[in-house]
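Visitor: I would like to learn how to read some features of a protein model. Please take me through them one at a time.

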Amino acid sequence: NPDKLTYYGMPAADFARALRDHNLPAPTGHYDFQNFLDAGDDAMNRYVDRVAEGAKLLGQQYVVWPYLEPATRTLDTYKRVAGKLNAIGARVAKAGLRVAYHNGGGEFVAQNGQHPYDIILKETAPKLVALQLDLSWFSFDTEQPARDWFKKAPGRFEMWHVKDMHKVNRRYTELGNGSIDYTRIWPDTAMSGMKHFFVEQGGNFAVDAMQSAADGIAYVKKYLQK
């Protein structure tokens with residue numbers, strides 16, 4: 001809540017203390033920038049300043065634009081978002097932060113011969129805007145290797161969302177049980193510029209969330225972080 005500066009109903013300072021007590025670093029967070037896409041510069045700037053204040057209290061390095069509503073995912077919107085990202089990046093840089101963009105579905109599917117994600121790549125300033133690549137949504141959209149996109153902007157994909165996709169229903173599944181072969185993607189961490197990765201599963205648990213988290217990190221340690 002930007003007005004109260006709370007996270008999950010907790011004051012930012014208390015939430016930061018809870019993270020530290022559980023030895024959970026939070027290098028980044030997702031924020032509701034899309035809610036201010038049509039609100040005007042003043043409203044966006046006020047929100048960005050509160051985001052920066054909260055992020056600093058949590059020790060974050062990045063603030064992330066995580067989502068666009070499916071109905072708004074037009075090429076024109078992506079051009080507007082790119083401009084907003086540049087402005088946010090310049091503003092949070094004053095607080096020692098970076099803004100990053102997280103892809104959703106459909107961004108690697110061409111519209112009128114152009115991929116929406118290409119607009120984000122080409123119209124955002126690398127010094128101001130990093131990229132948080134959700135490899136599940138990427139794989140949902142295309143059978144291209146991620147390497148093809150890393151080559152377009154080497155070093156910019158500073159964060160990865162690592163989650164698997166069920167082979168039949170294409171929903172979330174435990175890492176290593178789905179259709180995404182991360183052993184083929186992991187060798188490109190250096191080229192991509194990846195500094196942080198997050199193992200994620202938003203539902204469809206075989207047992208429960210905690211077991212899926214344990215299974216996911218076990219897979220990373222056994223097969224990826226060799």
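**Aromatic pairs**

Visitor: How many aromatic pairs does the structure hold?
Guide: The structure holds 19 aromatic pairs. Keep in mind that this is a predicted model.

Visitor: What describes a pair of aromatic rings?
Guide: Such a pair is described by the distance of the centres and the angle of the planes. Take Trp137 and Phe140: their ring centres are 5.6 Å apart and their planes are at 65°, an edge-to-face pair. Angles over 60 degrees count as edge-to-face.

Visitor: Where do Trp137 and Phe140 lie?
Guide: Both are in helix 5, residues 135–141, three residues apart, which is about one turn of the helix. Trp137 is partly exposed, at a relative accessible area of 31%, and Phe140 is partly exposed too, at 35%.

Visitor: Which parts of the chain does the pair of Trp160 and Trp186 link?
Guide: First the geometry: Trp160 and Trp186 form an edge-to-face pair, with 5.5 Å between centres and 90° between planes. This pair links distant parts of the chain, with Trp160 in strand 7 (residues 159–162) and Trp186 in the loop between helix 7 (182–185) and helix 8 (189–192), 26 residues apart.

Visitor: Are Trp160 and Trp186 buried or exposed?
Guide: Both Trp160 and Trp186 are buried. They also belong to a cluster linked by ring pairs. Among the other members of that cluster are Tyr101, Phe108, Tyr117 and Phe197.

**Helix packing**

Visitor: How do I read the packing of helix 3 and helix 4?
Guide: Look at the axes. Those of helix 3 (residues 75–93) and helix 4 (residues 116–123) come within 9 Å and cross at roughly 30°. Angles under 35 degrees count as roughly parallel, and the two helices are therefore roughly parallel to each other. Their crossing is right-handed.

Visitor: Which residues of helix 3 and helix 4 meet?
Guide: From helix 3 the list includes Leu75, Tyr78, Val81 and Leu85, and from helix 4 it has Pro116, Ile119, Ile120 and Glu123. By class, the residues of this contact are eight nonpolar, one polar and two charged.

Visitor: At what angle do helix 2 and helix 3 pack?
Guide: Helix 2 (residues 41–58) packs against helix 3 at about 45°, with the axes 10 Å apart. Helix 2 and helix 3 are therefore oblique to each other. This crossing is right-handed. Asp41, Met44, Asn45, Val48 and Asp49 in helix 2 meet Lys84, Ile88, Arg91 and Val92 in helix 3. The contact has four nonpolar, one polar and four charged residues.

**Backbone angles**

Visitor: What is the phi of Asn112?
Guide: Asn112 has a positive phi of about 50°, although it is not a glycine. Asn112 sits in the loop between strand 5 (98–102) and helix 4. At 82% relative accessibility, Asn112 counts as exposed.

Visitor: How many residues apart are Glu69 and Asn35 along the chain?
Guide: They are 34 residues apart along the chain, and their C-alpha atoms are separated by 9.7 Å. Glu69 lies in the loop between strand 4 (62–65) and helix 3, and is partly exposed at 39% relative accessibility.

How values were computed. Residues are numbered from 1 along each chain as its sequence is written. This is a predicted model: local features need pLDDT of at least 70, side-chain atom pairs count only at pLDDT 80 or more; totals for chains, interfaces and linings use all residues. Side-chain values use heavy atoms; hydrogens and water are left out. Axes are lines fitted to C-alpha atoms, for helices over the stretch in contact, and angles run from 0 to 180 degrees between N-to-C directions. Helices (H or I, at least four residues) and strands (E, at least two) are DSSP runs, numbered from the N terminus. Angles under 35 degrees count as roughly parallel, over 145 as roughly antiparallel, 65 to 115 as roughly perpendicular and the rest as oblique. A crossing is left-handed if the near helix is turned anticlockwise from the far one by less than a right angle, and right-handed if clockwise. Contact means heavy atoms within 4.5 Å. Ala, Val, Leu, Ile, Met, Phe, Trp, Tyr, Cys and Pro count as nonpolar, Asp, Glu, Lys and Arg as charged, and the others, Gly among them, as polar. Rings of Phe, Tyr and Trp (its six-membered ring) pair if their centres lie within 6.5 Å; planes under 30 degrees apart count as stacked, over 60 as edge-to-face and the rest as tilted. Buried means under 20% relative accessible area, exposed over 50%, partly exposed in between (1.4 Å probe, protein chains only).
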